[in-house]
Amino acid sequence: MSGIVWLSVDGLSEGIEKKFPLTIASTQIRQDAEGRYCLNDLHKASGGMGSDQPAFFMRRSTTKALIAELSSSANSQTLNPVSQVLGKGLEQGTYVVKELVYAYAI
């Protein structure tokens, strides 16, 4: 995932991040209604290497620990850090909060 430049798009309003259009390497990064970013789009923008698939990232023990920490934090009492949309066509994918996006990029 090297070579991706992230812009700060923080805009918290009542605990929910505002949605801002984000495009990386000509790939539009989708966001769900709560402002989480689509890991599948980020994977595509990074070149789509098989070893960097979102499913592998989500299975890592460090990722699971970070999700647990984010889930127990005060900021996530109303927002689940991960949302998986299955079988919904263009909306399908794994959506995560920005902290998990940063971890995925590393």
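# Briefing: a loop, a sheet and a helix pair

S26 is exposed, with a relative accessible area of 73%; exposed means over 50%, buried under 20% and partly exposed in between, using a 1.4 Å probe and protein chains only. This is a predicted model: local features need pLDDT of at least 70, side-chain atom pairs count only at pLDDT 80 or more, and totals for chains, interfaces and linings use all residues. Residues are numbered from 1 along each chain as its sequence is written, and side-chain values use heavy atoms, leaving out hydrogens and water.

**The whole chain**

- The protein chain has four helices and seven strands. Helices (H or I, at least four residues) and strands (E, at least two) are DSSP runs, numbered from the N terminus.
- Starting at the N terminus, the order of elements is β-β-β-β-β-α-α-α-β-β-α.
- The protein chain has 106 residues, and 38% of them are buried.
- Take the contacts (heavy atoms within 4.5 Å) between residues at least 6 apart in sequence. Of these, 44% join residues at least 24 apart.

- Most residues other than glycine have a negative phi.
- A25 has a positive phi, near 50 degrees, and is not a glycine.
- A25 sits in the loop between β3 (22-24) and β4 (27-29). A25 counts as exposed because its relative accessibility is 57%.
- S26 lies in the loop between β3 and β4 as well. S26 is not a glycine either, yet its phi is positive, at about 65 degrees.

**The three-stranded sheet**

- Strands of a sheet pair through backbone hydrogen bonds, either parallel or antiparallel.
- Here, three strands form an open sheet in the order β5-β7-β6, and the pairing is antiparallel. Two strands count as paired if DSSP finds at least two bridges between them.
- β5 (37-38) and β6 (82-85) are the edge strands. Each has a single partner strand, so one side of each is left without a neighbour in the sheet.
- β6 pairs with strand β7 (residues 93-96) over four bridges, in the antiparallel sense.
- S83 has Y95 in β7 as its bridge partner.
- Helix α4 packs on the sheet and touches β5, β6 and β7. The direction of α4 makes about 110 degrees with that of β7.

**T94 in β7**

- T94 is part of strand β7. With 10% relative accessibility, T94 counts as buried.
- Leaving aside neighbours within four places in sequence, T94 is in contact with Y37, C38, L39, N40, M58, V82, S83 and Q84.

**F56 in α2**

- F56 belongs to helix α2 (residues 54-59). At 38% relative accessibility, F56 counts as partly exposed.
- Residues up to four places away in sequence are not counted here. F56 then touches G50 and S51.

**Helices α3 and α4**

- The axes of helix α3 (residues 61-72) and helix α4 (residues 98-105) come within 11 Å. They cross at roughly 165 degrees. Axes are lines fitted to C-alpha atoms, for helices over the stretch in contact, with angles from 0 to 180 degrees between N-to-C directions.
- α3 and α4 are therefore roughly antiparallel to each other (angles over 145 degrees; under 35 is roughly parallel, 65 to 115 roughly perpendicular and the rest oblique).
- On the α3 side, T63, L66, I67 and L70 make the contact. They meet E99, L100 and A103 in α4.
- By class, this contact of α3 with α4 has five nonpolar, one polar and one charged residues. Ala, Val, Leu, Ile, Met, Phe, Trp, Tyr, Cys and Pro count as nonpolar, Asp, Glu, Lys and Arg as charged, and the others, Gly among them, as polar.
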